[in-house]
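Please look through the sequence and the model shown below before reading on.

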Amino acid sequence: MGLVNTGGVYGVDIAGNQGLMVQPVADDFTPGSFILKIQNNTGVEVAVLSIAYTIYVLNDQPRSNSFNFSVSYDNVTYNPIADLDYASPEAMDFTPYITPKSSSITGLAIPDGAVFYLRWTGDDVRGFSKIFGNQTSIYYQVKEDADGKN
């Protein structure tokens, strides 16, 4: 994990895996967000998305930041997924925190051909810390019809 002091978003290599790093300061990523637009090209409606990723935090300042997750059908109205919310510890500590996050989002109805939005939003809770993310996985489950077929 990098030791940068200038606010912004950076590409990083974490043990051979590419990821994004955020150094939230002042007006950089406080608040801020990453939005991933996905499209359902399965041929059927998607009913469940399973999301998994790892958060790495280097808390080199006595501050805390949130990194929360939400979803949207239209990139306007977002629904929070509390299981994937995160806040870095406030106490300054140069020991990296590694937090795997995962959740299955049920009750969806993403038609074939439709787009869907995944958003990670960061903001100050109290001060700032460095937040890294990589190893994101997204899996889907299709909706069965009344006969139990896809």
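A polar contact is a pair of N or O atoms within 3.5 Å, where within protein one atom must be able to donate a hydrogen and the other to accept it, and where residues adjacent in sequence count only if both atoms are side-chain atoms. By this criterion the side chain of Ser72 makes a polar contact with the side chain of Asp74, at 2.9 Å. The model is predicted, so that local features need pLDDT of at least 70 and side-chain atom pairs count only at pLDDT 80 or more, whereas totals for chains, interfaces and linings use all residues. Residues are numbered from 1 along each chain as its sequence is written, and side-chain values use heavy atoms, with hydrogens and water left out.

Ser72 belongs to strand β5, where strands (E, at least two residues) and helices (H or I, at least four) are DSSP runs numbered from the N terminus. Ser72 is buried, with a relative accessible area of 0%; buried means under 20% relative accessible area, exposed means over 50%, and partly exposed lies in between (1.4 Å probe, protein chains only). Apart from its neighbours within four places in sequence, Ser72 is in contact with Thr77, Tyr78, Phe116 and Tyr117, contact meaning heavy atoms within 4.5 Å. In the loop between β5 and β6 (79-80) sits Asn75, which is partly exposed at 34% relative accessibility. Most residues other than glycine have a negative phi, but Asn75, although not a glycine, has a positive phi of about 65 degrees.

Turning to the fold, the protein has nine strands and zero helices. Of its 150 residues, 39% count as buried, and among contacts between residues at least 6 apart in sequence, 78% join residues at least 24 apart.

In soluble globular proteins, nonpolar side chains tend to be buried together. A nonpolar core is here a set of buried Ala, Val, Leu, Ile, Met, Phe, Trp, Tyr and Cys residues joined through side-chain atoms within 4.5 Å. The largest such core holds 21 residues, of which Leu49, Ile51, Phe69 and Leu118 touch the most other members. At least two residues of this core come from each of β4 (46-59), β5 (64-72) and β8 (115-126), and β4 gives the largest share, with six residues.

The structure also holds four aromatic pairs, for which rings of Phe, Tyr and Trp (its six-membered ring) must have centres within 6.5 Å, with planes under 30 degrees apart counted as stacked, over 60 as edge-to-face and the rest as tilted. One of these pairs, Tyr53 with Phe69, is tilted, at 6.4 Å centre to centre and 35 degrees between the planes. Because Tyr53 lies in strand β4 and Phe69 in strand β5, this pair ties together parts that are 16 residues apart in sequence. Tyr53 is buried at 4% relative accessible area, and Phe69 is buried at 1%. Tyr53 also pairs edge-to-face with Trp120, at 5.6 Å centre to centre and 80 degrees between the planes. Since Trp120 lies in strand β8 and Tyr53 in strand β4, that pair ties together parts that are 67 residues apart in sequence.
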